[in-house]
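Please read it with the structure open.

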Amino acid sequence: MQSTDLGNKESGKLWHRKPSPAARDGIIVNIIHSSSDYLPKVLRFLNVAFDSSGDCLIAGDHQGNIYVFDLYGNRFNLVQRTAQACTALAFNLRRKSEFLVALADYSIKCFDTVSKELVSWMRGHESSVFSISVHASGRYAITTSSDTAQLWDLDTFQRKRKLNIRQSVGIQKVFFLPLSNTILSCFKDNSIFAWECDTLSCRYQLPAPPESSSILYKVFAVTRDGRILAAGGKSNHLHLWCLDAKQLFRIIQMPTKVRAIRHLEFLPDSFDAGSNQVLGVLSQDGIMRFINTQTCKLLFEIGSLDEGISSSVISPHGRYIASIMENGSLNIYSVQALTQEINKPPPPLVKVIEDVPKRKLNSGDLKMKVTTGRVQRPAKSRENSMQTRILKQDLAGSFENKENELSDGLNKKRLQILLKGYGEYPTKYRMFIWRSLLQLPENHTAFSSLEDKGVHVAFLNLHKKYPIRSRKLLRVLQRTLSALAHWSAIFSDTPYLPLLAFPFVKLFQNNQLICFEVVATLIINWCQHWFEYFPNPPINILSMIENVLAFHDRELLQHYIAHDITSQLYAWPLLETIFSEVLTREEWLKLFDNVFSNHPSFLLMTVVAYNICSRAPLLNCSLKDDFEYFFHHRNNLNISVVIREVYRLMDTTPTEVHPNSMLHVFVALTKGQYPVFNQYPKFIVDYQTQERERIRNDELDYLRERQMVEDMQAEVDQQRAEDEAWYQKQELLRKAEETRRELLLQEEEKMIQQRQRLASVKRELKVKEMHLQDATRRRFLKMQQDQREMELRRLDDEIERKVHMRDQEIATTAKDLEMRHLELESQKRLYEKNLTRNQEAVAKEMREDADAFRRKVDLEEHIFHKLIETDQTQNQKTQKLIEENLAEAEQACLNADWRIEALRKQRCDDLQRHECYREVARLLRENRRTETEVVDAMMGEEARKWEEAKEKDFHLKSEKKASALADASRKCFLQKETNDALEHAGHGYRKAASRDQNGQVASSCLPRTSQLNDILEMDSSTCISLNQRRMQWDTTERDLMDRVRTLRQRLTAQARNRCQTPHVLAT
């Protein structure tokens, strides 16, 4: 086993010596992809897919690197880096170099392996895509995720249809059936539906599996012919469904060590006509077992418990198996090596002892002729068995005689004996014998109805494709093909029908009815199953031929396979021309004497015999062109030898590969009316018929348009003739005009000479006039220059005068502004003076009230001091200290606020002055209006304040009355509070003393005002309350003082605003 590490290489060889896989494991090469980083690691492969040829495969790892491996050319190439893991791949598109990849971001991209460019980007899925199925034509693709399946058109890369389902159901897989137009959708509830691809209509639904072996399907596989569906899941049971009968026909039980099935795939075989019998089953233990679904026997297995398989894909031709291992590597297996032990031929039952001369052999001998190099064995070699067979023939002799009796009194068995004796029928009676063998009904009425329909559209231009010299022969061929096309629509689209019918048309050209019926009988019997894969060649028939050739001459078949020569090259050219290209007329007639006298499988055996008899020159051929030439031209081959080989093949071919089992016996045409022929895919023929009708309509439109163009061309030609006549007349007129123009030119020359003389005189006068005008112009320009200089001087004087006037106006305006500023300053000082006077008056009045209140308090305290005379001194000291500390603190705050306000005002004044110089004119106009508004506002504010002062005066009087009433009750309470006051005074004095020491440092730098000291003394005197009524009075008094202070601050602010507003407007 060879191992290849891709590393960082983008291309290279897969193996460096020719691989020789062992039958034990069958591994051709093991491919790993490791990174060359500092810490090397293995990049795991996730998905792999083969192309349609089966010799190239594509694989992607979990980092998004996608490689193409060419097994035929021993090369690998890095075609794309997607930078994200791929979840599904497809490489069997119609354009061979393109592939689809589903990525982890739920999108699908199409790349080209040659140009390595992005072709298209398809989005629409909302979850990871785990399956991509491509139609056999490569035109459509189905992408499947857990919640939806989408149908894409790969020509336009547009989504055609989307399958939405309930979340409770879920999708297991949606895929195309091979070589058909059917879509199979499998859901998680075990329901399976079949849909038509074109119309997306439901064709059928498979019934539910029996409850005794009911499993949840997880994986599915279909044979190449689309007839058998294999399904499995988490069980060791495997269900086989017949899609034609729509029923479960077999349940296979895997070994007990298989607990779940992870993957299923049929192994294609070139010799089974698409009905694959070997199924690969990948189980949970990582081993893929290949079983025969007919015999239920285990054939071989790949993988092991140590090196398990994660997923596996089989090439379309069944030569290779690509498996992704659980360790992330990729193994390529050779199916031929794995099946080497299975395909060994059985040991011979007889051996050659002596070659007996031909003259000693007769029909009664039981011995078989054994050719050199190949041992032939009879089906039954015992004499008693042969006697039993003869006895059966005698018992059924009467029935066979009836069957062999022909309509014209001939016997088929006797004709066959005659044919074997002479090798061919007499030329004189050949046509009569053929008509008897084929049992032609000679339906004149039915053929006339077909002939009356005329030449079919498909064969109107037959002479262009097949230029036949004889017009009669061409006409007969055209009528015969048209009758066949009218009989069944498929024959209008069969490209090889003229080649098939031409030998019979040439043979029966004088009797078109016989010609038609011979060709129709040939199609019904010897062309069975030819049209099931239309418009493709009959793959099933070619597979039968290939199976027979594999049985009788495997060496020749291996030579074909080695040079990539398929049955479409070595068998189909012989069938579609029914040997007319490779045989002469006499050889062809001799061959068809035997073909019409035997089973329909005789024609297929003739193809095999022709290849076997030509094996010597064919084995020497190595080029595809040589093979094509060989099967399209006559060769040096004896047809009698070929016919004898055909009879030998008919007798020695085993039943399982003999075409007899797949082809029915001869069936003659019915009398009266011809049978319906519909053994072909009707939807394809209908589509082609529609396309042909559309093309015919397009041709009619083209012919109609061409006729219109020809009519227009005729009109154009007529118009061109008329134009030509008109041009001739114009030419004559032009010549006459030129003659007269020459005369005029001569007269004009004379006039020109006279004008020249006159012009010279005028030129002299003009020169004199120009000199005079030039002198006048210079004098006028000088005068204009003097005037402009005087104007410039006048403008300079005017500019200087205006500049002087502007400077004077600026100076006057500045002086006015300075005067206005002085007026505003004086007005401001006047307002401040009045405000100060008002404040002093209010303060004086407040001091008077406070003095009166203090005197009253002193009178009351005089009585109290008598009772607590010992403690009064300490209380006064404590009170004094508290008042001083409070006053100093408040004074410090006021001084700081005043200084900050002064600095802020100065800064604002500077900024405002700078801005106001620029807006002198506007502010002067707005100043007058603003002053009027300020005066009105001040008058309104003055009236409101007087009303507020009256209200407060009334309130003050009521409070005084209340305080008088409280004096009496306070005196009674003094005695009770005496003891409490003494204790409180002693405790407060100690705290005040310590606070006084800390406050002396701060009070030394703060100024004091007499007004604040008076207010603080008044507040401190009211702080000591002796009873509850006195506390209420103190609260009322503090509220009153707060209101007074607020009123005073408000008046101060209003006065300041009034002073600042004119100042701002002025500046």
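The points below go from the overall make-up to single residues.

1. **Basis.** This is a predicted model; local features need pLDDT of at least 70, side-chain atom pairs count only at pLDDT 80 or more, and totals for chains, interfaces and linings use all residues. Residues are numbered from 1 along each chain as its sequence is written, and side-chain values use heavy atoms, with hydrogens and water left out.

2. **Overall make-up.** The protein has 25 helices and 30 strands. Both are DSSP runs numbered from the N terminus: helices are H or I with at least four residues, strands are E with at least two. Of the 1067 residues, 41% count as buried. Buried means under 20% relative accessible area, exposed means over 50%, and partly exposed is in between (1.4 Å probe, protein chains only). Take the contacts between residues at least 6 apart in sequence: 59% of them join residues at least 24 apart. Contact here means heavy atoms within 4.5 Å.

3. **A helix crossing.** Look at helix α9 (residues 497–507) and helix α15 (residues 585–596). Their axes come within 13 Å and cross at roughly 105°. The two helices are therefore roughly perpendicular to each other. Axes are lines fitted to C-alpha atoms, for helices over the stretch in contact, and angles run from 0 to 180 degrees between N-to-C directions. Angles of 65 to 115 degrees count as roughly perpendicular, under 35 as roughly parallel, over 145 as roughly antiparallel, and the rest as oblique.

4. **What meets at the crossing.** From α9 come P503, F504 and L507. From α15 come R585, W588, L589, F592 and F596. By class, this contact of α9 with α15 has seven nonpolar, no polar and one charged residues. Ala, Val, Leu, Ile, Met, Phe, Trp, Tyr, Cys and Pro count as nonpolar; Asp, Glu, Lys and Arg as charged; the others, Gly among them, as polar.

5. **Salt bridges across the sequence.** The structure holds 32 salt bridges. The criterion is a side-chain nitrogen of Lys or Arg within 4 Å of a carboxyl oxygen of Asp or Glu. Which residue does R615 pair with? R615 forms a salt bridge with E555, and the closest N and O atoms are 3.2 Å apart. R615 lies in helix α17 (residues 615–620) and E555 in helix α12 (residues 554–562), so the pair ties together parts that are 60 residues apart in sequence. R615 is partly exposed at 25% relative accessibility. E555 is exposed at 52%.

6. **Salt bridges within a helix.** E731 bridges to R734, with the closest N and O atoms 2.0 Å apart. Both lie in helix α20 (residues 682–867), three residues apart, about one turn of the helix. E731 is partly exposed at 32%, and R734 is partly exposed at 34%. In helix α22 (residues 920–973), E948 and K945 are also three residues apart, about one turn. Their closest N and O atoms are 3.7 Å apart. Are these two buried or exposed? E948 is buried at 18%, and K945 is buried at 12%.

7. **A salt-bridge network.** R94, R95, E98, R139 and D155 are linked in a network of salt bridges.

8. Strand β22 (residues 237–242) and strand β23 (residues 247–253) pair in the antiparallel sense over six bridges. Strands pair if DSSP finds at least two bridges between them. H237 stands opposite Q253 in β23. The hairpin has four residues between the strands, and K246 takes a positive phi near 60°.

9. **An open sheet.** Four strands run in the order β24-β25-β26-β27, with antiparallel pairing. The edge strands are β24 (261–267) and β27 (297–302), each pairing on one side only. Neighbouring strands are turned by 25° against each other on average, direction ignored. Five bridges join β26 (residues 288–292) to β27. Within that pairing, R289 has E301 as its bridge partner.

10. Most residues other than glycine have a negative phi. F157 has a positive phi of about 55°. F157 sits in the loop between β14 (148–153) and β15 (158–164) and is buried at 11%. I578 has a positive phi of about 40°. I578 sits in the loop between α14 (572–576) and α15 and is buried at 1%.
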